Number of protein chains: 2
Amino acid sequence: MLGSHYDTVRDAGRWDGPLGLISAICCVADLHRRGRRLPFAVEVTGFADEEGVRFSSTLLGSRAVAGTFDESVLNARDRAGVSMREALKKFGLDAEHIDTAARARRELLAYVELHIEQGPVLEQNNLPVGVVTAIAGATRLAANLSGVAGHAGTVPMALRRDALAGAAECIVAIEEFCKSDQAGLVGTVGYIDAMPGATNVIPGRVSFTIDIRAPTDAHRKLAVADIVRKIEAIAKRRQLVLQLDITHENRTVPCAPWLKAQLADAVAAEGFAVFELPSGAGHDGMAMIDIADVGMIFVRCRGGVSHHPDEHVDVADADAGARVLLRLIENFRPRS
Amino acid sequence: MLGSHYDTVRDAGRWDGPLGLISAICCVADLHRRGRRLPFAVEVTGFADEEGVRFSSTLLGSRAVAGTFDESVLNARDRAGVSMREALKKFGLDAEHIDTAARARRELLAYVELHIEQGPVLEQNNLPVGVVTAIAGATRLAANLSGVAGHAGTVPMALRRDALAGAAECIVAIEEFCKSDQAGLVGTVGYIDAMPGATNVIPGRVSFTIDIRAPTDAHRKLAVADIVRKIEAIAKRRQLVLQLDITHENRTVPCAPWLKAQLADAVAAEGFAVFELPSGAGHDGMAMIDIADVGMIFVRCRGGVSHHPDEHVDVADADAGARVLLRLIENFRPRS
C-alpha cells in the first residue's frame with residue numbers, strides 16, 4: 001500500500017500530504033502506460049485528517065484503516081460546535097460503517113509513504129531524497145516554576161527568587177543537553193508565560209512547555225529523565241517550587257530494516273547518495289505500523305518550511321522522489 | 001520640609017506613603033505637646049499621585065511643588081476617558097493655579113522623607129531602620145530577537161535559530177552580570193513573549209523587557225553598555241536579529257551627604273546600628289531634588305512586600321522610624 005494524507009492544515013503549503021499521493025498515482029500511471037504487470041497489487045490510499053486540525057484528533061483515516069479508530073472522537077466538536085459524527089454525515093459518510101475500512105495485516109505486504117521532509121536536513125546535505133529511519137516519538141511536558149514576585153528596584157539580586165531567571169536557566173540547559181546529543185535528540189521550549197509580566201516586577205511564576213523527540217523510545221525516555229533531573233536541580237538551587245507534568249506521549253515508530261534496505265537500493269539505483277534521517281514530524285505510518293511494516297522516503301523542501309504558504313519543493317526533487325518510489329515498486333521483493 | 005505621598009496604588013497596602021505622612025505629623029504633634037520650639041519651620045506635605053497609576057504620570061504633586069509640573073499631562077486621560085484637568089476640577093481644584101504650588105530653593109532647608117523600604121534588605125539585616133544613600137536611576141529597554149520559527153520535531157538542534165533559547169541565554173547573562181556586581185546593581189526581565197507560542201513550534205521571535213538600576217548614573221550607564229554588548233554578542237553568535245531600544249531613563253537622585261550624616265547620628269542616638277542602603281523604588285525626592293537637598297529614612301517592612309494588601313510594618317518599627325525622624329528634627333543643623 002502506498003499512502004499519504006490530504007492536507008488539512010489551514011493556510012498551509014501545497015506539498016505536505018499531496019506530494020505523496022500524486023507521486024504514488026504517477027507511479028501507477030507510469031506502470032499502466034508501460035503495461036508493466038507486477039506480482040502484487042499496488043493500492044494508493046489518501047488518508048483523511050492526519051493533522052487533526054478540526055477536531056484535535058490525529059491520524060483519523062489511517063487509524064480507521066488500521067482498525068484502531070477511537071469511536072469516542074466522533075463526539076469531538078469543531079470551533080463551530082459541529083461534531084465529527086455530524087461532519088462525516090454532511091460529507092455523505094456514515095460513522096457506523098467506519099469499522100468496514102479496517103484492513104488486516106495479512107492483506108498487506110508493506111506500507112510505504114513518500115512525504116516532504118518538513119525540515120532542513122536534506123537541503124543542508126544537498127540531497128533531493130532521504131530514507132527515513134523512524135518516526136520519532138515525542139514527550140511533551142508542562143513546567144511551572146513559582147518563586148517570589150517583587151519590585152525590580154528594591155530586591156537585591158542575592159535575595160531574589162526570580163521564576164523567569166530560573167526558567168531561562170532551564171531553557172538554556174535543555175538546549176545544551178539536546179545539542180550535545182549526537183543521535184537525533186531534539187528539545188524545544190515553544191511556549192512561555194511570565195507572571196505578572198510587568199517591566200518593573202520580578203516574575204513570581206512562569207509556565208513553559210517542553211517538547212522532546214528522539215529516534216528511539218529508550219533514547220527519548222532517558223533524555224526526558226535527564227532533563228527532568230536538570231530542571232529539578234535548577235529549581236531546588238534557586239528555591240523555586242517546580243511542577244512538571246507529562247501532557248502527551250507518543251511512541252517511536254521504527255521503519256522496517258528490510259524496507260529501508262530496498263528504499264536505499266532504489267535511491268542508489270537512481271544515482272543519488274543514500275542518506276538516512278529520522279522523521280521528527282508525525283505521519284500516517286504511526287497508525288499503519290499496527291497492520292504493516294512501514295517504510296518512508298523524504299523529499300527535500302526549501303528551508304525546512306512547512307505548514308506555511310511558503311512551503312516549496314523543486315520540481316526536479318519531486319521527480320527524483322517519484323523515480324525512487326517507482327524503482328522501489330518495480331524492484332519490490334516481499335519480506336522473506 | 002517633611003513629605004511623603006498619599007497612596008494611589010489600587011489594591012495596595014496601608015503603609016506605602018501614609019507611614020511617612022503620619023510619622024511626620026506625629027513628630028510635630030509631639031513637639032507641640034512638649035511646647036518645644038525650633039529655630040526653623042517644619043512643614044508636612046502630602047503629595048498627590050506619586051505613583052502615576054491613574055494617568056501614567058508620576059510625581060504629580062511633588063513636581064508641582066518643585067515647579068517642574070509638566071502641563072501636557074493635564075490632557076492625559078484615565079481608562080474611563082476622564083482627563084487629568086477634568087479630574088482636578090471635579091475634586092475642586094483649578095489646573096490654572098498649579099504654578100502657585102511651586103516653592104523656591106531659598107525657602108527650604110532640606111527635604112526629608114520617611115518611607116517603608118518596599119524591599120527585604122533591612123529585614124535580612126535584622127534592622128528596623130536604614131539611611132538611604134540615593135534613589136536609584138533606572139534604564140528600561142525593550143529587546144526583540146528574531147530567528148527562524150520551525151517544526152519542533154524536524155529541525156535538528158544544530159540548524160536552529162531559536163529566538164527563545166537566545167532570549168533565555170540573555171536573561172541568564174543579565175542575572176549573572178548583575179549578581180557579580182557588589183555595588184547595588186539590579187537587573188530584571190519582567191516581561192517576555194515568545195511567538196508563535198505553540199508547544200511544537202520553535203519560537204521565531206521573542207520580545208522581552210530589561211530594567212536596570214544602580215545607585216549612581218555612571219554605574220548604571222556602564223552596566224547598561226556592558227549588558228547591551230553581551231546581548232549583541234549572544235544574538236550575533238546565534239544568528240538572531242536583535243532590536244534593542246531604551247524606552248525609559250531616570251537619573252539617580254543622590255541623598256545629600258550632610259543629611260545622611262545627621263540621619264545616621266539620629267539612628268545611632270536611638271540605639272540602632274547605622275545601616276545605609278539605596279532605594280530601588282522611585283520617591284518624591286526625585287522631584288524635590290530640584291529645589292532642596294534630599295534625605296530619606298527607610299523603615300523595615302515584612303518580606304519586602306509592597307503594592308499588595310499583605311504589605312506590613314510592625315508597630316515597633318514604625319515607632320523606631322518616627323523616633324529617628326523626631327531626633328533628626330530636634331538635632332537638625334542647617335547646612336553650613
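Guide: Between chain B and chain A, 8 residue pairs are in polar contact, both residues at pLDDT 80 or more. A polar contact is a pair of N or O atoms within 3.5 Å; within protein, one must be able to donate a hydrogen and the other to accept it, and residues adjacent in sequence count only if both atoms are side-chain atoms. The model is predicted, so local features need pLDDT of at least 70 and side-chain atom pairs pLDDT 80 or more, while totals for chains, interfaces and linings use all residues. Residues are numbered from 1 along each chain as its sequence is written, chains are lettered from A in the order in which they are written, and side-chain values use heavy atoms, without hydrogens and water.

Now the charges. The rule finds 2 salt bridges across the interface of chain B and chain A. A salt bridge here is a side-chain nitrogen of Lys or Arg within 4 Å of a carboxyl oxygen of Asp or Glu. R238(B) and E175(A) form a salt bridge through their side chains, at 2.7 Å from N to O.

Which elements give two or more residues to the side of chain B that touches chain A? They are α4 (121-124), α5 (163-180), β7 (186-188), β8 (192-195), β9 (201-202) and β10 (205-214) of chain B. Helices (H or I, at least four residues) and strands (E, at least two) are DSSP runs, numbered from the N terminus. α5(B) gives the largest share of that side, 9 residues.

By class, the side of chain B that touches chain A holds 24 nonpolar, 14 polar and 9 charged residues. Ala, Val, Leu, Ile, Met, Phe, Trp, Tyr, Cys and Pro count as nonpolar; Asp, Glu, Lys and Arg as charged; the others, Gly among them, as polar.

Next, extent. The contact (heavy atoms within 4.5 Å) takes 47 residues from chain B and 47 residues from chain A. The size of an interface is often given as the accessible area lost when the parts come together. Chain B and chain A bury about 4,000 Å² between them, with 67% of it on carbon and sulfur atoms. Buried area is the accessible area (1.4 Å probe) that two parts lose on being put together, summed over both. T154(B), M157(B) and T199(B) supply 16% of the area that chain B buries against chain A, more than any other three residues.
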